[in-house]
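These are my notebook entries on one protein model. I set down in order what I looked up.

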Amino acid sequence: MFTSGSAGDERVVVRRERDGAPVFELAGVSPAVSADGKRLAYWRTTPNVGATDLRVLDVADPRSDRSVMTVPDQTLGGSVVWSNDGQGLLVATHSRETVGGGGVESGGPAQYDLLLLDLTSTPPGTRAAAAPVTGGRVFVPVAWDRPAQIASAVVTGPGGYATEYVTWNGTAASPFARAEVPRLALAFSVQASTDGKLVMMLEDNLTVLRVWPILDVTQAEQVRSASRISLFPIWRPGPSAPYEVIWGMGQKIDLFRYRTDQSTTLYTSTGGLGLAAVRPDGSAVLVTEGSPTSATPPPAPPTYRVVVVDVATRQATEAAPLTGTVRVLSRGVLLR
């Protein structure tokens, strides 16, 4: 499962893992896959306006596509993450009005909101997961542990660096809490484990991970790698004890076992390595290699070799290549 297309013509494409056979396509942006890989959320856009209609479907049955939230006038949809039980969505929305009146380049949206969307009710219920941020600051949703009534997000601004860590504790008298992020890190490197219990971020020096329990960033532990982490880490989904992280080191894909400091190389490439995705059950990693282009104009779309690496055996199997400008969803690999 991946996204493709240029601005204004984005599409969500679902294809089979090995042969690349298309399953279905959707016109939409900001897709998010549930932890079990079975459900997809995405924003359908209004022409010349942007993301206005949040929709959910079962990947096995695209006819189940339904609207779960439509934003009001002068509001647009932002990033989305699924709750750990697959029964809710943590959703960022923002004003069309911008600071300075000219879009992100002029300072970003005037207001950003963070909402909890409960899919177990009809119609789905919404409530605030944090007080709004203003002045061009942006919410990036991180996790929602729905059974424990805990949610989290980071706040970022110009440059994309995380500045604040925000939590919502539905069991507390004062549910919203903010804390300073302990080190400089890119906001979109912040990621929760699939059970919603732990959060990690990659520092801007690309050699240190920090990991903490979802409610308390002040307990962040430092995980230092032996060399530069070349690809954003991904928590390995599925039942794994201890927690495991998959990351890129130069031309290698490694499996790192958090709390044991053990590391195993899963795959070594000859060049142009990309860590694209992990199967929802954690059994395999999707790796891309290379990005050739034509030497004569117009340049041909880049084509990426795709390899599926079995985590248990480290056996690599060739899959259908990807062509064009695409972004593979981190838990978007369909099982065979």
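Where is proline 302 found? I located proline 302 in the loop between strand 25 (284-289) and strand 26 (303-310). Strands here are DSSP runs of E with at least two residues, numbered from the N terminus.

Before going further, I noted that this is a predicted model, in which local features need pLDDT of at least 70 and side-chain atom pairs count only at pLDDT 80 or more, while totals for chains, interfaces and linings use all residues. Residues are numbered from 1 along each chain as its sequence is written, and side-chain values use heavy atoms, with hydrogens and water left out.

**Entry 1**

I then looked up the accessibility of proline 302. Proline 302 counts as buried because its relative accessibility is 18%; buried means under 20% relative accessible area, exposed over 50%, and partly exposed in between, with a 1.4 Å probe and protein chains only. From proline 302 to glycine 290 I read 8.5 Å in space, C-alpha to C-alpha, and 12 residues in sequence.

Alanine 110 is placed in the loop between strand 9 (88-95) and strand 10 (111-118). Its C-alpha lies 8.4 Å from that of valine 133, and the two are 23 residues apart in sequence. Next I listed contacts, meaning heavy atoms within 4.5 Å. With neighbours within four places in sequence left aside, alanine 110 is in contact with Ser95, Glu97, Thr98, Val99, Val133, Thr134 and Gly135.

**Entry 2: an open sheet**

In what order do the four strands of the open sheet come? I recorded the order 16-17-18-19, with antiparallel pairing. Two strands pair if DSSP finds at least two bridges between them. Strand 16 (191-192) and strand 19 (221-224) are the edge strands, since each pairs on one side only.

I examined one pairing further. Strand 17 (residues 198-202) and strand 18 (residues 208-213) run antiparallel and are joined by five bridges. Across this pairing, methionine 200 stands opposite valine 211 of strand 18.

**Entry 3: nonpolar cores**

A nonpolar core is a set of buried Ala, Val, Leu, Ile, Met, Phe, Trp, Tyr and Cys residues joined through side-chain atoms within 4.5 Å. The largest one has 18 residues, and Val142, Val154, Tyr165, Val199 and Trp212 have the most contacts inside it. At least two residues of this core come from each of strand 12 (138-145), strand 13 (150-156), strand 14 (162-169) and strand 17. Strand 12 gives the most, with three residues.

I looked up valine 154 in particular. Not counting residues up to four places away in sequence, valine 154 touches Val138, Phe139, Val140, Val142, Ala162, Glu164, Tyr165, Ala187 and Val190. A second, separate core has 17 residues, among them Ala92, Ala129, Ala130 and Val138.

**Entry 4: aromatic pairs**

For ring pairs I used Phe, Tyr and Trp (its six-membered ring), with centres within 6.5 Å; planes under 30 degrees apart count as stacked, over 60 as edge-to-face and the rest as tilted. The count comes to four aromatic pairs. Tryptophan 235 and tyrosine 258 form an edge-to-face pair, because their ring planes are at 85°, with the centres 6.4 Å apart. Tryptophan 235 lies in strand 20 (residues 231-235) and tyrosine 258 in the loop between strand 22 (252-257) and strand 23 (262-268), so the pair ties together parts that are 23 residues apart in sequence. Both residues are buried.

Tryptophan 247 and phenylalanine 256 form a stacked pair, with 4.9 Å centre to centre and 25° between the planes. Tryptophan 247 and phenylalanine 256 are also buried. Ring pairs link Trp235, Tyr243 and Tyr258 into a cluster.

**Entry 5: salt bridges**

Side chains of opposite charge can pair when their charged atoms come close. A salt bridge is counted when a side-chain nitrogen of Lys or Arg is within 4 Å of a carboxyl oxygen of Asp or Glu, and I recorded 16 salt bridges. Arginine 11 and glutamate 25 meet in one of them at 2.8 Å, N to O. Arginine 11 is in strand 2 (residues 11-15) and glutamate 25 in strand 3 (residues 22-27), so the pair ties together parts 14 residues apart in sequence.

Are arginine 210 and glutamate 203 buried or exposed? Both are buried, and their side chains meet in a salt bridge at 2.4 Å, N to O. Lastly, I noted a network of salt bridges that links Arg44, Asp53, Arg55 and Asp65.
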